Amino acid sequence: MESEKYLEGQSMQRPPLFESDGFIYWKNKFETYVKLKDLDLWHVITYGDFPPIQNNPETKKDEIVPFDKQNDDLKKKLAKNNEAKMVIYNALPRKEYERIFMCKTAKEIWDTLLITHQGNSQVKDNKIDLLVQQYEQFTIPKEESIDNAFARFNTIITSLKALDEGFSSKNYVRKFLRALHPKWRAKVTAIEESKDLTSLSLDELIGNLKVYEVIIKKDSEIVKDKREQSRSLALKAKKESSDDDNSMMRYFSFGRHLKELHVTWAHLEKKWTRLRIYTNIYQECLYSGWRRRHKYNVTPSPRRSRRRHHISRQRHSIRPNPISRIFYS
């Protein structure tokens, strides 16, 4: 429980732990922590150790004072040199400590870290040129949200600030407005006419754009719903017209086939009437033959019945079907 009080990010007594992958992020946190702790410590880290110099009242000149002749104020000031080194040591892992082990002062340690993870002046200038190019070519696509666009834009400007390079807040606001897609043109014009861009902050601009983004999204959803409804109605009407066309095509196709067979509608109706007549006659013949065969309630012998049934089947198979003569007469 006692060690949890000194975890990084939970206590002001311990500096931010070193991050090689996010060196710029760690550098800004570490600088803020040291300045909060003691401004003299940051002065030692950036400009070098305090020298053991004290003003001589007799000569009225600054002279190097031996340790045994130093007063308490000078000793407290010189103690800042070792305290600054200790602050950096506490923030570094063992691997980085081995890298700066031979450095004598806090400034030497800090410069070594900057050159190792940020590069020398030439590398720094190349990084600045690359970031400036990304800043100038920054654009926002049509479908990208304001949050995502601002996150990309903020990464560029914070990286420039970490390399001691940057632009004014007015420049940031104007650049972000120019980078917007043409669908934002009406909102950009309204902001330029109603707001003073010299005093407008980037965060305030992002807030206004996010409100307008919600309105645009809502309107686009309404238009999309109406478009889908009209499309469904059009598909339904097209399907109904297609069904009607198919039925008409079947009707005309049937009539065309009859015409190719030289059969008219009147002739077809005549054939159909004849079919009904012959069907009724045929059924009547069958019914009358059954009545003649079953006039008396005499049960025939099985053999005779089978033979009569066989002969009857032969006669029916030889006898032509009266219905088949309809379309051949």
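**View 1. K27 in helix α1.** K27 sits in helix α1, residues 23–37. Helices here are DSSP runs of H or I with at least four residues, strands are E runs of at least two, and both are numbered from the N terminus. This is a predicted model: local features need pLDDT of at least 70, side-chain atom pairs count only at pLDDT 80 or more, and totals for chains, interfaces and linings use all residues. Residues are numbered from 1 along each chain as its sequence is written, and side-chain values use heavy atoms, with hydrogens and water left out. K27 is buried, because its relative accessible area is 9%. Buried means under 20% relative accessible area, exposed over 50%, and partly exposed in between (1.4 Å probe, protein chains only). Leaving out residues up to four places away in sequence, K27 touches W110, L114, Q118 and A162; contact means heavy atoms within 4.5 Å. K27 and L113 are 86 residues apart along the chain, with 9.8 Å between their C-alpha atoms.

**View 2. The largest nonpolar core.** This core has 29 residues. A nonpolar core is a set of buried Ala, Val, Leu, Ile, Met, Phe, Trp, Tyr and Cys residues joined through side-chain atoms within 4.5 Å. The residues with the most contacts inside the core are F153, F176, L177, L180, L202, L205 and L209. Two or more residues come from each of α6 (121–136), α7 (146–162), α8 (169–179), α9 (185–194) and α10 (202–260). Helix α7 gives the largest share, seven residues. L202 contacts F150, F153, I157, S169, Y172, V173 and F176, leaving aside neighbours within four places in sequence. A second, separate core holds 26 residues, including F18, L74, I100 and A106.

**View 3. F50 in a loop.** F50 lies in the loop between α2 (39–47) and β1 (53–56). F50 counts as buried because its relative accessibility is 11%. Beyond its neighbours within four places in sequence, F50 contacts D40, H43, V44, K77, L78, K80 and N81. D40 is 10 residues from F50 in sequence, and the C-alpha to C-alpha distance is 9.4 Å.

**View 4. A nonpolar surface patch.** Y97, F101 and M102 make a nonpolar surface patch of about 360 Å². Patches consist of residues with over 30% relative accessible area and no salt bridge; like charges are joined within 9 Å, nonpolar side chains (Val, Leu, Ile, Met, Phe, Trp, Tyr) within 5 Å. A salt bridge is a side-chain nitrogen of Lys or Arg within 4 Å of a carboxyl oxygen of Asp or Glu. Accessible areas come from the Shrake-Rupley method with a 1.4 Å probe; for residues, only the protein chains shown count as cover. M102 belongs to the loop between α4 (94–99) and α5 (106–118). M102 is exposed, at 65% relative accessible area.

**View 5. Aromatic pairs.** The count comes to 18 aromatic pairs. Rings of Phe, Tyr and Trp (its six-membered ring) pair if their centres lie within 6.5 Å; planes under 30 degrees apart count as stacked, over 60 as edge-to-face and the rest as tilted. Y89 and Y97 have ring centres 5.3 Å apart and planes at 75°, so this pair is edge-to-face. Y89 is partly exposed at 22% relative accessibility, and Y97 is partly exposed at 34%. F138 and F153 form a tilted pair, 5.1 Å centre to centre with 50° between the planes. This pair links distant parts of the chain, 15 residues apart: F138 is in the loop between α6 and α7, F153 in helix α7. Both F138 and F153 are buried. Elsewhere, ring pairs link F18, F23, W26, F30, W42 and W110 into a cluster.
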